Amino acid sequence: MDQKTCPDDRCKFVQIIFFFLGLGTLLPWNFFITAIPYFEGRLALPPGNVLTSGNTTAQTGDQWHFSNWMTLLAMLPLLLFTCLNSILYPRIPEKVRIAGSLFGILLLFLVTVVMVKVPCRLSVFFGITMMTVCFINSFGAVLQGSLFGLIGLLPAKYSSLFMSGQGVAGIFAALASILAKISAADEETVVLGYFITPCLVTLLTIVFYFTLPYLEFAKYYFDKDRQKHRYELETKSELLTPESEKNGMVENGKQVLVDMEGSRNNNNQSEKAFGVIKVFGKIWKLAIAVCLIFTVTLSVFPAITAHVSSHTEQGKWREYFIPVCCFLLFNVMDWLGRSVTACSTWPQKDNLLLLFVLARVVFIPLFMLCNVTDRAYLPVLIPHDGWFILFMLLFAFSNGYFVTLCMCYAPKKVSPRNAETAGAVMAFFLALGLALGAALSFLVKFMV
């Protein structure tokens, strides 16, 4: 048992903070992908113009393959820096990794705000935007990997809240995109307001993070002396093997270890052996599952789904079809899937969970056969909006639900001392899935 009693999470403040940390982790990426029509519209226009709407502009701007390149150049740095974070996190203080990443994201979003007001050549605008995407996701990788490791020290429901916050980030960005679209203000003001919003949210997230060390509940779980004490208790328990019983004696129901030096040697050997590879050996099925989830998701979202048109020929519905049925619907259902894990954790067997994750591959051909614009090879076999909406409901809900299960299960399959390592390993495979999905999106787009 622990040496001191766990304090209460007063006013659920630690829960609120980790919800906001989840929100701040994915908010930058979601604001960029929901702004694809703005970027494609600007790339289709002469310098000095800011924003247009409508399918014609979006199709013309798509000559840059903006959504594909943005996804790829976001996910490759995410993978690289998640890997580096997994290796270097013991050498760099947690506060430097988390706070530094948040400040970096804030600065880069301010650059995006400035670019709204600066007319420049299309190639320059494209290059600066892609560099911004790269650096934001590099910081995001370090931030996400560090937070997954940190949250592995807390009870499982905090992981669910963190993942739920990530889901709300998408909803927040989608709603901001829709409100910007229906706003009566001039287009430049709308775009400025749209990109200033994540700056304010990121700033609030920074304030919340710096509040965390002052909360008794957080200090209790992040206390390194307490973690060391728990590890020593686990090690002593492991030492009570049949072999150790032969070298000891039982008095009044208590085990007395005779060879203490041998116990220390066993302890040291166990500590050295329990590295990243041994942690991976315990969670490899969950790691592969989370990789497959995001490989499937990023292969079609948003590269394919953002270019599906409504079967209706005209009217407001056609104009709002992608913002509502693609981005908003995906993010609402993804958040719902993440949130449901707070009361349902089925399936609990790794093999069954991996089987359900593999079944999600069916969504790739289904979306390819929907009413995607600019297609070259495949026919449109599923033109009606209703089918696209149904596919999106199942696609998004399963994404949020299964990824949250994987991320919650993994740290609990190892000792508390190795929970941070398990979180870092899972974050790496999550980023690997994102990168593989982004690369696969080029092939999927070409096949359509």
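**Entry 1**

I started with Glu 216 and Lys 219, whose side chains meet in a salt bridge at 3.2 Å, N to O. For the term, I noted that a salt bridge is a side-chain nitrogen of Lys or Arg within 4 Å of a carboxyl oxygen of Asp or Glu. This is a predicted model, so local features need pLDDT of at least 70 and side-chain atom pairs count only at pLDDT 80 or more, while totals for chains, interfaces and linings use all residues. Residues are numbered from 1 along each chain as its sequence is written, and side-chain values use heavy atoms, with hydrogens and water left out.

I then looked up where the pair sits. Both Glu 216 and Lys 219 lie in helix α9 (residues 216-222), 3 residues apart, about one turn of the helix. Helices here are DSSP runs of H or I with at least four residues, strands are runs of E with at least two, and the numbering goes from the N terminus. Lys 219 counts as partly exposed, at 38% relative accessibility. My cut-offs: buried is under 20% relative accessible area, exposed is over 50%, and partly exposed is in between (1.4 Å probe, protein chains only).

Next I checked Lys 316 and Glu 319, which form a salt bridge with the closest N and O atoms 3.8 Å apart. Both lie in helix α14 (residues 316-340), 3 residues apart, about one turn of the helix. Lys 316 is exposed at 57% relative accessible area, whereas Glu 319 is partly exposed at 31%.

Which residue does Glu 188 meet in a salt bridge? I found Lys 117, at 2.5 Å, N to O. Glu 188 is in helix α8 (residues 187-211) and Lys 117 in helix α5 (residues 94-117), so this pair ties together parts 71 residues apart in sequence. Glu 188 is partly exposed at 26% relative accessible area, and Lys 117 is partly exposed too, at 49%. A reminder to myself: side chains of opposite charge can pair when their charged atoms come close.

**Entry 1: the whole chain**

How many salt bridges does a search of the whole structure find? I got 5.

The protein chain has 18 helices and 2 strands. Of its 448 residues, 51% count as buried. I also looked at contacts (heavy atoms within 4.5 Å). Among those in the chain with a separation of 6 or more, 84% come from residues 24 or more positions apart.
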